[in-house]
Amino acid sequence: MQEAIQKAAMSIRRLKVQGARNVAIAATKAIQEQVKKTEAKDRNEFLRELSEAQEILFSSRETEPLMRNALRWITSLVEKSAHKKVKELAEIVFSTSQQFLETLEGSKEKIAEIGARRIKNDSVVFTHCHSSTVTHLLKRAKLDGRSFEVICTESRPVFQGRMTVKEMLALGVKTTLIVDSAARSFVNKADLVLVGADAITSEGNVINKIGTSMIALAAHEARTPFYVVSELLKFDPTTMYGDFEKIEERSADEIWREPPRDLIIRNPAFDVTRRDFIHGIICEAGIISPHSIIEVINRRYPWVFE
Ligand code: RUB
């Protein structure tokens, strides 16, 4: 039952698929694959199957509004359609999923094009964790002929920073890896900080890999501009109606496999960076202030608020 969905949810939970964009892409593709094989006999059964799939994927990682926005949008279009035949409903899922994937791809390119202009020649870029949106922007800057170097944190406990440094080295960019606690010492040497986002709240605060808010504080103190590089669809509309974004807490095993008895280990995957520490959000609509997030999203993706 829901084989493609279960498989994708497992890969997402275990971080085989990592980063908000890749999570949303994997979930959308899993939905496409699942509807191809649907055995639902009528509209009601098909909608039930879709809603179950959605719940399984949503629970794979809690702090992923991009995935939730994508799947809710796809499901809402199916629900709104008057079609009764399963084949036609499956076709709607397939084409809207495709449309979502294309929108996401378009946003990535636009963000890279805009953000690359902020990378000046001979500059030092500080980054944290692994954001495919950030690394794509840096690739674009490199293709545009800019010379720059990158400083990246390890990003404990799962070391996503190693993925970032490998990508940068493959690009031929001078790259330095530091331990997370060296952030303050190195943010001083950087011209700007670029980090990704998992979620953006209605107040313009940004949720990203644990440690991001500490880097933002250090950058503020060092007067190093701190930018968030993110698709607008990482906005979580439920935060507008009073909900707090949930911060996923991961297994203690990631930190210490055989810890002493009675030790308490906490492993939150993300933290919240207040908008006051964010110079700008580099998104597909341009470089915007976190204060204007609702207005910009409302103009571009009004369906998010439905
Ligand atoms: C990854 C992380 C990334 C964002 C943005 O955390 O915090 O900065 O997800 O990534 P994890 P992208 O490794 O726990 O998923 O720009 O690729 O969406």
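In the predicted model, the loop between helix H1 (3-13) and H2 contains Leu15. The phi angle of Leu15 is near 70°, a positive value in a residue other than glycine. Leu15 has a relative accessible area of 15% and is therefore buried, the cut-off for that class being under 20%. A positive phi, likewise near 70°, is found for Asp262, again a residue other than glycine. Asp262 is placed in the loop between E7 and strand E8 (270-273). With a relative accessible area of 69%, Asp262 is exposed, since this class begins over 50%. A further backbone feature is the cis peptide bond that joins Arg156 and Pro157, with omega at about 5°. Pro157 belongs to the loop between E2 and helix H7 (161-171).

Two packed helices are described by the angle between their axes and the distance between the axes. For helix H4 (residues 65-80) and helix H5 (residues 86-116), the angle is about 145° and the axes are 9 Å apart. The crossing of H4 past H5 is right-handed. H4 contributes Leu66, Ala70, Trp73, Ile74, Leu77 and Val78 to the contact, while H5 contributes Leu89, Ile92, Val93, Thr96, Ser97, Gln99, Phe100 and Leu104. Of the residues in this contact, eleven are nonpolar, three are polar and none is charged.

H4 itself comprises 16 residues and spans 22 Å from its first C-alpha to its last, close to the 22 Å expected at 1.5 Å a residue. Its buried residues include Leu66, Ala70, Trp73, Ile74 and Val78, and also Arg68 and Asn69. The elements covering the buried residues of H4 include helix H2 (20-36), helix H3 (43-58), H5 and strand E5 (199-200).

An open sheet is formed by seven strands in the order E3-E2-E1-E4-E7-E9-E10, with mixed pairing. Strand E3 (174-178) and strand E10 (286-288) are at the edges; each has a single partner strand, so one side of each is left without a neighbour in the sheet. From one strand to the next, the twist averages 25°. Within the sheet, strand E7 (residues 226-229) and strand E9 (residues 280-283) are paired in the parallel sense over three bridges. Val228 has Ile281 in E9 as its bridge partner. Helix H9 (residues 212-222) packs on the sheet and touches strand E1 (123-127), strand E2 (148-153), strand E4 (192-195) and E7. The direction of H9 makes about 145° with that of E7.

Key
Residues numbered from 1 in each chain as written. Predicted model: local features only at pLDDT ≥ 70, side-chain atom pairs only at ≥ 80, totals over all residues. Heavy atoms only, no water. Axes fitted to C-alpha atoms, helices over the stretch in contact; angles between N-to-C directions. Helix = DSSP H or I, 4+ residues; strand = E, 2+ residues; numbered from the N terminus. Left-handed = near helix turned anticlockwise from the far one by under 90°. Contact = heavy atoms within 4.5 Å. Nonpolar A, V, L, I, M, F, W, Y, C, P; charged D, E, K, R; others polar. Expected span 1.5 Å × (residues − 1). Buried < 20%, exposed > 50% of the residue type's maximum accessible area, 1.4 Å probe, protein only. Pairing = 2+ DSSP bridges.
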